[in-house]
Amino acid sequence: WPLRPRARAQNIGRGAMEGHKREGLPEYKTVQRVQKHYLVRCGEPLENIIPGTGVKPASAIRRMEAEIKRLRARLGALAQEEMLTQHSREAQKKGSQQELENSREALMERMKQLEQKVVELETL
């Protein structure tokens, strides 16, 4: 009698797997990760089933703030470089000055975008 409950459990598992075989998808393509330790068997992408990106808002905010911090450090380095080029007469070429301004503007624009995303995530 101990063998019968196992047989029933195996039959239940087989029925679930056969359902995915009927859809024409291989079994390995139906398994997807929900979180770090959870696997789910489904036939369609999880983005269609569960809304959102799957990233916790706090984690996304922390990553964006780290990137903003890195961009601010790069902006400070650009400001130092700009100050040094103003003092040296050799480096007063228009090309190098223009490159510094272009990269500074690009950094400022990226920082503004990230700050807007952080505000959106904080309001969730």
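Figure 1. Glu82 is buried, because its relative accessible area of 15% falls under the 20% cut-off. This close-up comes from a predicted model, as do the views that follow. Glu82 is found in helix 3. Which residues does Glu82 contact, leaving aside its neighbours within four places in sequence? They are Gln97, Leu100 and Arg104. The C-alpha atoms of Glu82 and Gln97 lie 7.4 Å apart in space, although 15 residues separate the two in sequence.

**Figure 2. The salt bridge between Glu82 and Arg104.** Here we stay with Glu82 and turn to one of its contacts, Arg104. The two side chains meet in a salt bridge, with an N to O distance of 3.6 Å. The pair links distant parts of the chain, since Glu82 belongs to helix 3 and Arg104 to helix 4, 22 residues apart. Are the two partners buried or exposed? Glu82 is buried at 15% relative accessible area, while Arg104 is partly exposed at 31%.

**Figure 3. Glu67 and Arg110, a pairing of helix 3 with helix 4.** Glu67 forms a salt bridge with Arg110, and their closest N and O atoms are 3.2 Å apart. Glu67 lies in helix 3 and Arg110 in helix 4, which covers residues 94–122, so this pair ties together parts that are 43 residues apart in sequence. Both residues count as partly exposed: Glu67 has a relative accessibility of 22%, and Arg110 has one of 29%.

**Figure 4. Arg72 and Glu115, another salt bridge of the chain.** The closest N and O atoms of Arg72 and Glu115 are 2.9 Å apart, and the two residues form a salt bridge. Arg72 sits in helix 3 and Glu115 in helix 4, so to speak as partners from distant parts of the chain, 43 residues apart. Arg72 counts as partly exposed at 47% relative accessibility, and Glu115 is partly exposed too, with a relative accessible area of 32%. How many salt bridges does the count come to? The count comes to four.

**Figure 5. The largest pocket.** About 480 Å³ of space lies in the largest pocket. How many residues line the largest pocket? There are 17 of them, and Val34, Gln35, Thr53, Gly54 and Val55 lie nearest its centre. Helix 2 and helix 3 are the elements that give two or more residues to the lining. In general, rolling a probe the size of a water molecule over the atoms shows where empty space is left.

Figure 6. Where is Leu25 found? Leu25 is in the loop between helix 1 (3–22) and strand 1 (31–33). At 29% relative accessibility, Leu25 counts as partly exposed. Leu25 and Gly43 are 18 residues apart along the chain, and their C-alpha atoms are separated by 7.5 Å.

**Figure 7. The chain as a whole.** To place the close-ups, this last legend steps back. The chain has four helices and two strands. In what order do the elements run from the N terminus on? The order is α-β-β-α-α-α. Of the 124 residues, 16% count as buried, and Glu82 is one that is buried. The accessible surface comes to about 10500 Å², and 54% of this area belongs to carbon and sulfur atoms. Among contacts between residues at least 6 apart in sequence, 44% join residues at least 24 apart.

Terms used
Residues are numbered from 1 along each chain as its sequence is written. This is a predicted model: local features need pLDDT of at least 70, side-chain atom pairs count only at pLDDT 80 or more; totals for chains, interfaces and linings use all residues. Side-chain values use heavy atoms; hydrogens and water are left out. Buried means under 20% relative accessible area, exposed over 50%, partly exposed in between (1.4 Å probe, protein chains only). Contact means heavy atoms within 4.5 Å. Accessible areas come from the Shrake-Rupley method with a 1.4 Å probe; for residues, only the protein chains shown count as cover. On a 1 Å grid over the protein atoms alone, a cavity is a set of points where a 1.4 Å probe fits but cannot get out, and a pocket is an open set with protein on both sides within 12 Å along at least five of seven lines; lining residues have an atom within 4 Å of a point. Grid points are joined across faces, edges and corners, and a volume is the space filled by probe spheres set on the points.
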